[in-house]
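Hi,

Here is the structure I said I would pass on.

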Amino acid sequence: MIQETRHSIAEILSRQPLFRGLSDKELAQISVGCREFRVKKNEVLFHKGDEAEGMHVMVMGQMKLALPSSQGVEKIVHMCGPGATFGEAVVFLEKPYPVSAQAMTESLVLLISKRALLDAIDNNSTLSRKMLASLASRLHELLDDMESCTLRTSMQRVVCFLIQSAPVNGSETYDVVLHSSKQNIASQLNLAPETFSRALGNLTEKGLIKVKGRTISVLNRQQLSVFSA
């Protein structure tokens, strides 16, 4: 992991959704407690159980947050892209990281120290509300994941994933480009890779989707949404 020094951290922070609207002075104060790292593909940023140093901000690349097991099987909790943050909760709880983080591509990451983040929250109510919104959003994602794992069949999970990936314009046909491997997507859905592939094959046979590489073309959004395995 290479520490970067070529960029203005305050400028990078100003472009991140969580810190937009902060003054130059506030950004400068936060940046004092920041470190910037370039993480190589497949490099582990931290392991589950490591002491938490602060909150991470994705500037570039993709990071996988996962729960490892002694059998070598992992459950992917979240895939983080540019603008995403992770590690917020441990800043407040004073607990070690509950997941491991591994770069899926070469990534640029900011680490904001606990002290710098807490000072910024104390001095800015807007940032406090954004932090609460971020944590609430993560909670809803975990609840959705729990519902998917316990109440839905494997086919229903795949259909739900495709429907949730639809564009906001309501188009009946659209493409879903997988920005991660099918194995990682399957792990997020709590499925074996072969089960995920089998579900895609079934939907293809029904004429609801077409699959080409990492692109899944949904041919009829309405029929897909009512499809019952």
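How many bridges join β11 to strand β12? There are 4 of them, and the two strands, with β12 covering residues 215-218, run antiparallel. For the terms: strands (E, at least two residues) and helices (H or I, at least four) are DSSP runs numbered from the N terminus, and two strands pair if DSSP finds at least two bridges between them.

Before you go further, a caveat: this is a predicted model, where local features need pLDDT of at least 70, side-chain atom pairs count only at pLDDT 80 or more, and totals for chains, interfaces and linings use all residues. Residues are numbered from 1 along each chain as its sequence is written, and side-chain values use heavy atoms, with hydrogens and water left out.

Now the sheet. Those strands belong to an open, antiparallel sheet of 3 strands in the order β10-β12-β11. At the edges sit β10 (174-177) and β11 (209-212), each pairing on one side only. On average, neighbouring strands are turned by 20 degrees against each other, direction ignored. (Axes are lines fitted to C-alpha atoms, for helices over the stretch in contact; angles run from 0 to 180 degrees between N-to-C directions.)

Helix α6 (residues 154-164) packs on this sheet and touches β10, β11 and β12 (contact means heavy atoms within 4.5 Å), its direction making about 110 degrees with that of β10. Helix α8 (residues 193-205) packs there too, touching β11 and β12, at about 125 degrees to the direction of β11.

Cheers
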